[in-house]
Amino acid sequence: EILSTRISPFQQVNIIDTYDFGRCLVLDGVMQTTELDGYIYNEMISHVPLVTHPNPKKVLIIGGGDCGVANELTKYPELREIDMVEIDEVVVEECVAKLSKISGKAPQDNRVNFHFTDGVEFVKDKKGLYDIAIVDSSDPIGPAEVLFSEEFYIDLKNSLKNDGIMVCQSQSPIFNKDILSRTYHILKRHFPIVKTYKAVVPSYPGGMWSFTLASLTYDPINANLGKLVTNTSYINPEIFQASFSLPNFMSGDLGIL
């Protein structure tokens, strides 16, 4: 069932209901997140950098219109401020209204500040403000294409504090090897510690999905896993550690070591 269709200034935004995946967000005909498995992606892109950083207070989210990442971040009481920069306000409105299983308590948490503007422009004048930056973008086409550029990653690095961490979704290691490899090697030019990790998200092309973390100081391999909250459905200390063990075709063929 199609629950809603809206045309924003940027894209067509649909909320649909399916037999297998439950309610889903669809942008320009492409599935973005589902009630069935959206928590896997949201937990992996948010908890990994949060646990890697020993004392995060201020977090930036670029994208994340379904509010799922913001909702995961609110599970950490030590965070003082969460800036969520989403270019398309219609996406947030629709997800808050119709995908509350994903958006959760984020819209009501007073630490979450919504900025409906271009994330690329937003970070250009932000210097040394954030402990963590999370790039929760859609595919690198349309309005999200610039979120995969080297210039954007440099600006994002500059928005971090001296011991900051950033993480981005780096696409399917099956179907988007070029994007994953390019993202990894761009970040290696600008950060001393870069690690790609993986998760299985059934609704995404190929099932396996990649994330790439870039850190100025802290290595996720040495993270204090005792910090990881327990009210999660996918990630736990064992999954955290195992996610950095990559299959040969990722670590070898793509030059990710």
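These legends go with close-up views of a predicted model.

**View 1. An open sheet of four antiparallel strands.** The strands line up in the order β1-β2-β3-β4. β1 (2-7) and β4 (30-34) sit at the edges with a single partner strand each, so one side of each has no neighbour in the sheet. On average, neighbouring strands here are turned by 20 degrees against each other, direction ignored.

**View 2. Strands β2 and β3, with a helix packed on the sheet.** Residues 12-18 (β2) and 22-27 (β3) pair in the antiparallel sense over six bridges. Look for D17, whose bridge partner in β3 is R23. Helix α3 (residues 89-98) packs on this sheet and touches β1, β2 and β3; its direction makes about 165 degrees with that of β1.

**View 3. Y197 and its ring partners F211 and F244.** The ring centres of Y197 and F211 are 5.2 Å apart with planes at 20 degrees, so this pair counts as stacked. Y197 belongs to strand β10 (residues 193-200) and F211 to strand β11 (residues 208-215), 14 residues apart. With F244, Y197 has a centre distance of 5.0 Å and planes at 40 degrees, so that pair is tilted. F244 comes from the loop between α8 (237-242) and α9 (248-251), 47 residues from Y197. Y197 is buried at a relative accessible area of 0%, and F244 counts as buried too, at 12%.

**View 4. Two lysines over ring faces.** K126 lies over the face of F122, 3.9 Å from the ring centre. K157 does likewise over F191, at 5.7 Å from the ring centre.

Notes. Residues are numbered from 1 along each chain as its sequence is written. This is a predicted model: local features need pLDDT of at least 70, side-chain atom pairs count only at pLDDT 80 or more; totals for chains, interfaces and linings use all residues. Side-chain values use heavy atoms; hydrogens and water are left out. Two strands pair if DSSP finds at least two bridges between them. Helices (H or I, at least four residues) and strands (E, at least two) are DSSP runs, numbered from the N terminus. Axes are lines fitted to C-alpha atoms, for helices over the stretch in contact, and angles run from 0 to 180 degrees between N-to-C directions. Contact means heavy atoms within 4.5 Å. Rings of Phe, Tyr and Trp (its six-membered ring) pair if their centres lie within 6.5 Å; planes under 30 degrees apart count as stacked, over 60 as edge-to-face and the rest as tilted. Buried means under 20% relative accessible area, exposed over 50%, partly exposed in between (1.4 Å probe, protein chains only). A charge sits over a ring if NZ of Lys or CZ of Arg is within 6 Å of the ring centre and within 35 degrees of the ring normal.
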